[in-house]
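Reader: Could we go through this structure together, starting with the spaces inside it? I would like to take it one step at a time.
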Amino acid sequence: LHSETRAVAESGPMAAAMVGALAATGRQVIYTWPNADAGAEAIIPVIEAAARTHPGHFAIRNFGSAWFYTAMAHAGLVIGNSSSGIYEAGSFRLPVLDIGDRPKARFHGRNVLHCDRSPGGIAAGIARATDPAFVAGLADFVNHYGDGQAARRVIAALEGLDWPQVSAAKPFAALDPQFSGAPPAA
């Protein structure tokens, strides 16, 4: 969960509403720290307190890529307002609940649901995102941001190029002095 640029003062209450809704589910929860934007200082104490007071709730400052993706591979839900819910979670066919306005305008897949910052909105969003019918509907989901094989395809494309032709000197054509850049008259 990150602070919202236009609602920095809501960061603490938004974090508390999220923690309360998650605690009510009885699920195991891993919180990651927010980015360094203004408002993060109100979120961190809330998630650290949740990790101290709620059994099965843990706060991790920074997983690093490998452990973050490992955690996602075992997760049942991503909740917050981070781009990782928009970009990476789809590759794991994870339901995502985006809280508030921060992620609203981002292109996303059908695995992403939105809710407001209120405790009731978050609780209702969690119920929708964890509904067995919604989760089952993601079995065939394909991440719009790619399948993780882009590097392999780029290498294959580069290997398939005719490098002598690509690197050959190219002749320049003389510019037509009559060319104005305007489209031809119809």
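Reader: How do the residues lining the largest cavity divide into nonpolar, polar and charged?
Author: This is a predicted model, and in it the lining of the largest cavity has three nonpolar residues, six polar ones and no charged ones.

Reader: Which residues are they, and how much space lies in there?
Author: The lining is made up of Ile86, Gly90, His108, Gly109, Asn111, Phe141, Asn143, His144 and Tyr145, and the space they line comes to about 30 Å³.

Reader: How many cavities of 30 Å³ or more does a search of the whole structure find?
Author: Searching the whole structure turns up one cavity of 30 Å³ or more.

Reader: OK, and what about pockets: what volume does the largest one have?
Author: The largest pocket has a volume of about 1000 Å³, and 39 residues line it, with Ile30, Tyr31, Thr32, Phe63 and Phe68 lying nearest its centre.

Reader: Which element gives the most to that lining?
Author: Helix H3 gives the most, with seven residues, while several other elements supply at least two each, including helix H1, strand E1 and helix H2. By class, the lining of this pocket has 22 nonpolar, 14 polar and three charged residues.

Reader: Switching to the surface, which residues form the nonpolar patch?
Author: Val154, Leu158, Leu161, Trp163 and Val166 form it, and together they have about 440 Å² of accessible area. Helices H7 and H8 each supply at least two of the patch residues, whereas Leu161 sits in the loop between H7 and H8.

Reader: Why does Leu161 count as partly exposed?
Author: Leu161 counts as partly exposed because its relative accessibility is 39%, and that class covers values between the 20% limit for buried and the 50% limit for exposed.

Key. Residues numbered from 1 in each chain as written. Predicted model: local features only at pLDDT ≥ 70, side-chain atom pairs only at ≥ 80, totals over all residues. Heavy atoms only, no water. Patch = residues over 30% accessible without salt bridge, like charges linked within 9 Å, V, L, I, M, F, W, Y side chains within 5 Å. Areas by Shrake-Rupley, 256 points an atom, 1.4 Å probe, with all protein chains shown as cover. Salt bridge = Lys/Arg side-chain N within 4 Å of Asp/Glu carboxyl O. Helix = DSSP H or I, 4+ residues; strand = E, 2+ residues; numbered from the N terminus. Buried < 20%, exposed > 50% of the residue type's maximum accessible area, 1.4 Å probe, protein only. 1 Å grid on protein atoms, 1.4 Å probe; cavity = no way out; pocket = protein on both sides within 12 Å on 5 of 7 lines; lining within 4 Å. Points joined across faces, edges and corners; volume = space filled by probe spheres on them. Nonpolar A, V, L, I, M, F, W, Y, C, P; charged D, E, K, R; others polar.
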